Amino acid sequence: MNQTDKVMNEYQNFDPVTDAFFFKTGSQEQVIFHGRNYIIKKRLSAAEQASMKSLPNFVRAAFNLYVNVNKITNIVGNTLHFRDEFAYPRTITVSKRTLEEIKRRMPRTPDFLSSEQLI
């Protein structure tokens with residue numbers, strides 16, 4: 001399987017609930033999913049967006065930004081870190097109030113990476 005086939009396969013098999021680190025909503029029903037090493041733009045109806053936003057693993061972090069609490073690998077101060085064995089590190093800074101909500105919604109204590117592993 002060549003690189004193009006791998007990318008197309010990852011795009012076609014993409015599941016926002018389990019794969020996305022976070023997503024942003026935009027105008028004209030566009031949703032931008034940020035994941036391991038990709039950004040995928042999709043159009044979702046208002047009902048589909050409402051369904052995604054109501055899932056217990058997504059927490060509103062900003063006006064149009066929702067984070068997947070299951071994908072957070074570390075929290076340093078008010079900064080959320082997302083990373084897996086293949087991903088480029090991604091971070092989001094949130095308010096203290098949002099951070100408390102995220103901590104309450106986390107189903108388990110994540111296997112946090114040390115600060116050396118984040119570099």
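Colleague: In which sense do strand 1 and strand 5 pair, and over how many bridges?
Modeller: They pair in the antiparallel sense over three bridges, strand 5 being residues 65-68. Pairing here requires that DSSP finds at least two bridges between two strands. This is a predicted model, where local features need pLDDT of at least 70, side-chain atom pairs count only at pLDDT 80 or more, and totals for chains, interfaces and linings use all residues. Residues are numbered from 1 along each chain as its sequence is written, and side-chain values use heavy atoms, with hydrogens and water left out.

Colleague: Which residue in strand 5 is the bridge partner of Phe 23?
Modeller: Tyr 66.

Colleague: And what about strand 1 with strand 2, how many bridges there?
Modeller: Four, again antiparallel, between residues 22-25 and residues 30-34. Within strand 2, Val 31 stands opposite Thr 25.

Colleague: What sits between those two strands in the hairpin?
Modeller: Four residues, and Gln 28 in that hairpin takes a positive phi near 55°.

Colleague: Zooming out, how many helices and strands are in the chain?
Modeller: Five helices and eight strands. They are DSSP runs numbered from the N terminus: helices are H or I with at least four residues, strands are E with at least two. Along the sequence the pattern reads α-α-β-β-β-α-β-β-β-β-β-α-α.

Colleague: What share of the chain is buried?
Modeller: 36% of the 119 residues, with buried meaning under 20% relative accessible area (1.4 Å probe, protein chains only).

Colleague: And what share of the contacts comes from residues 24 or more positions apart?
Modeller: 49% of the contacts with a separation of 6 or more; a contact means heavy atoms within 4.5 Å.

Conventions: Buried means under 20% relative accessible area, exposed over 50%, partly exposed in between (1.4 Å probe, protein chains only).
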